[in-house]
Amino acid sequence: MDSSPELNSVDSSERVTPRLEKRKRTVSRDDILKQAESVISDLASSRAMLEIQYDNEVGTGLGPTLEFYALVSKELQKADLELWRGETVTVEERTEDNPGKAVKYVNASNGLYPLPVPRNMKSAHMTKLRTKFRFLGKFMAKAVMDSRMLDLGLHECVYKWLLSEEWSLGLGDVTSLDPTLGHTLDRLHYTVLHKRRVVLQAEQEGISGAELQRRLDALMVDGCSVEDLALTFTLPGYPNIEFRKGGADMPVTINNLDQYLQLVIEWLVREGVRRQMEALREGFECVFPLTQLHVFYPEELEQLFCGCSDASQWDMKQLAECCRPDHGYTHNSRAVKFLLQILSEYTPAQQRSFLQFVTGSPRLPVGGFRSLTPALTIVRKTFEAGENPDDFLPSVMTCVNYLKLPDYSSIDIMRAKLEIAAREGQHSFHLS
């Protein structure tokens with residue numbers, strides 16, 4: 001966070017909404033999830049906008065607040081919470097206290113969806129899970145009410161639950177959650193359909209008993225009999241989740257394959273996550289009614305909660321139209337042209353890092369750069385006589401999306417300095 005006398009003029013010229021009541025809260029970066037639970041619980045029923053400041057940091061306003069939502073979103077993806085299905089990945093994180101801390105997160109490339117849990121889960125563990133999902137519901141509702149963005153890649157199925165459309169979830173949703181499992185279930189489903197045709201034909205021919213069973217036993221799944229697949233009445237990947245008592249010892253055969261298939265789908269997308277998703281909906285309702293989301297389709301809610309992820313936003317033409325050079329720069333300035341070219345070449349990870357540095361959030365709002373308020377403003381960073389701009393880093397005022405950019409002598413120097421600034425200038429808000 002930078003301090004500048006230009007702040008007030010930029011802020012007032014861009015303000016298009018009346019000043020709303022705000023509630024400022026100061027939090028520590030240590031154990032931020034626990035503090036977030038307390039803050040959100042305290043303000044869940046309040047219409048005042050939440051504003052965050054961090055202990056021992058002078059920065060305040062939009063930037064720290066947006067970062068708070070991003071940081072809490074990231075905390076909710078930690079593997080030790082056991083909230084989500086997906087693979088566990090270890091990330092080396094740099095902090096002031098520990099430059100190489102290993103932290104485990106859940107990676108769900110197709111979107112986050114609750115980890116299914118057995119019906120007989122211990123009540124203490126279930127209460128803990130429900131508490132976290134109830135908080136998530138409040139957190140999501142507060143974010144959308146205050147027009148803040150979450151950094152949670154939730155699967156579309158979560159939004160179907162929010163819209164009370166969980167009844168519609170089926171095999172296609174399982175495939176979108178887990179393509180490998182979905183492909184296997186597709187093959188089983190094909191065999192079930194084939195079985196029905198065999199039974200129908202046998203009825204028409206008046207065949208039953210041993211001959212019908214012989215025909216059914218001849219049905220194959222990719223060259224194997226159903227029995228050879230060694231499946232039991234448990235959820236694939238979750239042997240502790242039995243569909244019925246003793247399910248782990250109950251083999252899947254051609255005769256009960258259709259029941260098994262229905263139960264896998266039911267437990268993966270509905271029954272195994274019902275208690276968590278009901279808690280999420282309860283938490284959301286504490287802030288405002290879920291019925292207000294019913295004007296949206298499930299696929300639209302990802303943008304509403306998590307902003308824009310359109311790659312075209314980083315096209316040079318689009319960037320030029322949405323960014324505002326000022327205070328020493330114009331669109332024809334060498335530095336501005338350098339910057340736009342650099343941004344247009346960024347990878348998704350670099351895009352997130354740049355946005356986090358300049359705005360406080362790693363995501364763009366719905367509408368992309370065009371919807372940033374205030375607009376991304378690029379100004380010339382000034383120096384004393386004799387000082388070389390190449391020796392300095394860019395700085396920002398996240399509260400007004402303000403990038404102070406030295407007039408570097410080459411695009412390579414600018415690219416390197418921006419990378420250092422984005423890496424070193426996150427997770428703290430101080431005057432510079």
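Colleague: What's the handedness of the crossing of α4 and α10?
Modeller: The crossing is right-handed. Bear in mind that this is a predicted model.

Colleague: And at what angle do those two helices pack?
Modeller: About 40°, with the axes of α4 (residues 123-145) and α10 (residues 274-285) 7 Å apart. That makes α4 and α10 oblique to each other.

Colleague: Which residues in α4 and α10 meet?
Modeller: On the α4 side they include Met 126, Arg 130, Phe 133, Leu 136 and Met 140. The α10 side includes Arg 275, Glu 278, Leu 280 and Phe 284.

Colleague: OK, switching to aromatics. How many aromatic pairs does a search of the whole structure find?
Modeller: It finds 14. Take Trp 314 and Phe 354: their ring centres are 6.4 Å apart and the planes sit at 75°, so that pair is edge-to-face.

Colleague: Why does that pair tie together parts that are apart in sequence?
Modeller: Because Trp 314 is in the loop between α11 (298-306) and α12 (316-322), while Phe 354 belongs to helix α14 (residues 348-359), and those parts are 40 residues apart in sequence.

Colleague: Is Trp 314 buried or exposed? And Phe 354, buried or exposed?
Modeller: Trp 314 is buried, at 5% relative accessible area. Phe 354 is buried as well, at 2%.

Colleague: Which residues form an aromatic cluster?
Modeller: Phe 68, Tyr 69, Phe 135 and Phe 139 make one together.

Colleague: What lies over the face of Tyr 54?
Modeller: Arg 29, at 3.9 Å from the ring centre. There's also Arg 187, whose charged end sits over the ring of Tyr 190, 5.4 Å from its centre.

Colleague: New topic: Leu 62. Where does it lie, and what does it touch?
Modeller: Leu 62 is in helix α3 (residues 62-75). Leaving aside residues up to four places away in sequence, Leu 62 touches Arg 148, Thr 373 and Cys 399. Leu 62 and Asn 401 are 339 residues apart in sequence, yet their C-alpha atoms are 9.2 Å apart in space.

Colleague: You mentioned Thr 373. What's the peptide bond from there to Pro 374, cis or trans?
Modeller: That bond is cis, with omega near -5°. Pro 374 is found in the loop between α14 and β8 (377-380).

Colleague: Last one: which residue other than glycine has a positive phi?
Modeller: Asn 56 is one of them, with phi near 60°. Asn 56 lies in the loop between β2 (49-54) and α3, and is exposed at 76% relative accessible area. Asp 222 also has a positive phi, about 50°. Asp 222 sits in the loop between α8 (209-217) and β5 (234-235), and is exposed at 56%.

Notes
Residues are numbered from 1 along each chain as its sequence is written. This is a predicted model: local features need pLDDT of at least 70, side-chain atom pairs count only at pLDDT 80 or more; totals for chains, interfaces and linings use all residues. Side-chain values use heavy atoms; hydrogens and water are left out. Rings of Phe, Tyr and Trp (its six-membered ring) pair if their centres lie within 6.5 Å; planes under 30 degrees apart count as stacked, over 60 as edge-to-face and the rest as tilted. Helices (H or I, at least four residues) and strands (E, at least two) are DSSP runs, numbered from the N terminus. Buried means under 20% relative accessible area, exposed over 50%, partly exposed in between (1.4 Å probe, protein chains only). A charge sits over a ring if NZ of Lys or CZ of Arg is within 6 Å of the ring centre and within 35 degrees of the ring normal. Axes are lines fitted to C-alpha atoms, for helices over the stretch in contact, and angles run from 0 to 180 degrees between N-to-C directions. Angles under 35 degrees count as roughly parallel, over 145 as roughly antiparallel, 65 to 115 as roughly perpendicular and the rest as oblique. A crossing is left-handed if the near helix is turned anticlockwise from the far one by less than a right angle, and right-handed if clockwise. Contact means heavy atoms within 4.5 Å.
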